[in-house]
Amino acid sequence: MKRERSARILATLGPASSTRERIRALAEAGADVFRLNFSHGSHEDHAERYRLIRAVEAEIGRPIGVLMDLQGPKLRVGRFAEGKVALVPGARFRLDLDPTAGDAKRANLPHPEIFAALEAGTELLLDDGKLRLRVDACGADFADTTVLVGGTLSDRKGVNVPGVVLPISPLTAKDRADLDFGLALGVDWVALSFVQRPEDLREARELIGDRAWIMAKLEKPAAIDALDAIIALADGVMVARGDLGVELPPQQVPVLQRRIVRAARAAGRPVVVATQMLESMISSPVPTRAEASDVATAIYDGADAVMLSAESASGQYPVEAVAIMHGIVCEVERDPAWRAGLEASHTPAAANTPDAICCALRRVAGLLEPAATVAYTSSGFSALRASRERPVAPILALTPQPATARRLALVWGVHAVPFEEVHDVAEMVEHAARAASTLGFGCAGDAVVVIAGLPFGQRGSTNLLHVARIPG
């Protein structure tokens, strides 16, 4: 079950990766968590993939996390009488609520919430930013615009409104139905699309409760403006570079990626870097050198995980893409500059007992070079706070909760293992030393550094650090 790397790999399942044999091959190649993309596929498709993941998990003996990715609101223009129109720079173009098929002068935009948020000077992006319009005048049911960047606009192309907070819930009726279904399946993480403000996380939390951890997808400029508040309310965050790159100039995305990763690390929240990481491997058995460098940059920055989308879901080389990503991560983590960078970007711990214990864990691990650090955790809290410190030794998270072990599969440096309950410190230390030896982390005489919270099972109570030796 032991991974020889700290960063994790999140792989999307789809038509190219939906058999038991392929899912097992992906896990053996390096996938730690599987993503079910609810923008595509039926509930039956996702239920079967979930069943196969759990079957593979039982075969390989390592917890596998499952993340369901909700589609979120999709803002699109209506249809055109001839299927498409050509918009010329400088031309006037109206968007309105009239459901009549559009032409070169106007189009239906069936989203009154967009009109409610517009004002003169707002820019609209169409078809993933290929076309750009400027609003000259607007009302509750229309917007008169000037075409800034023209091109062909066809039926049902997407609309983005950068720089404007839209009065839209991130959870559509479809998302709510999908969420009920996914939670009943037993997914470990829920990725929430279209997050704009902290209130969006509160709305999702009311529905999800503690049945899964919530990952906020950062794909809207408005979310960046409220970054710290959103991170504080989420269990993890995703740098959704595809959508973020539509609404922002591409040169800003690398800067924001680093800012998000550092903010998440400082808060102790797992952070995933996603989209187009090995894009060319959809149709090529090898990535470009630029793509390899892109993955490496995320690892050097200290991201918890990197994600494959179409590469593993619908590409021709899904297993190879995971194997290549695994190899890149391992190569980076062998570089002394990687560890030096983590140390240089480390932020001070908060002034509370759990963070003080985990800060001490990092220092002790750096001095003693133990075989492993061991976190006893029921909720996952101790393991998350230990991971925030990025200790040099692997973090062995022993938990009586299988769901917690699966959620922690996404977290940097954590090797999560379902384990029996313990009742006192002596028993805990004995189990920790035995687990480190049995699972291949160390041998007789090696040190292990154990953290836990007393009383056992109480979230946020991390208050004990103990150094032990693996017995002969």
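Modeller: Two strands pair if DSSP finds at least two bridges between them. Helices (H or I, at least four residues) and strands (E, at least two) are DSSP runs, numbered from the N terminus.

Biologist: What am I looking at, and how do I find a residue?

Modeller: This is a predicted model, where local features need pLDDT of at least 70, side-chain atom pairs count only at pLDDT 80 or more, and totals for chains, interfaces and linings use all residues. Residues are numbered from 1 along each chain as its sequence is written, and side-chain values use heavy atoms, with hydrogens and water left out.

Biologist: How many bridges join β8 to β9, and which way do they run?

Modeller: There are 7 bridges between β8 and β9 (residues 142-149), and the two strands run antiparallel. Take C138 as an example: its bridge partner in β9 is A143. The link from β8 to β9 is a hairpin through 2 residues.

Biologist: Which way do β7 and β8 run?

Modeller: Antiparallel again: β7 (residues 123-126) is joined to β8 (residues 131-139) by 4 bridges. Find L124, then look across to L133, its bridge partner in β8. β7 and β8 form a hairpin too, with 4 residues between them. Look at D127 in that turn: its phi is positive, about 55 degrees.

Biologist: In what sense do β5 and β6 pair?

Modeller: Strands pair through backbone hydrogen bonds, either parallel or antiparallel. Here β5 (residues 92-96) and β6 pair in the parallel sense, over 3 bridges. On these strands, D96 stands opposite N108 in β6.

Biologist: What is the strand order of the sheet?

Modeller: Read across it: β6-β5-β9-β8-β7-β11. That is an open sheet of 6 strands with mixed pairing. β6 (106-108) and β11 (159-160) stand at the edges with a single partner strand each, so one side of each has no neighbour in the sheet.

Biologist: Let me try a single residue. Where is R390?

Modeller: R390 sits in a loop.

Biologist: Is R390 buried or exposed?

Modeller: R390 is buried, at 3% relative accessible area. The cut-offs are under 20% for buried, over 50% for exposed, and partly exposed in between (1.4 Å probe, protein chains only).

Biologist: Which residues does R390 touch?

Modeller: Contact means heavy atoms within 4.5 Å. Leaving out residues up to four places away in sequence, R390 touches R265, G302, A303, D304, R339, L342 and W412. Select R390 in the structure, then pick out these partners, W412 among them.
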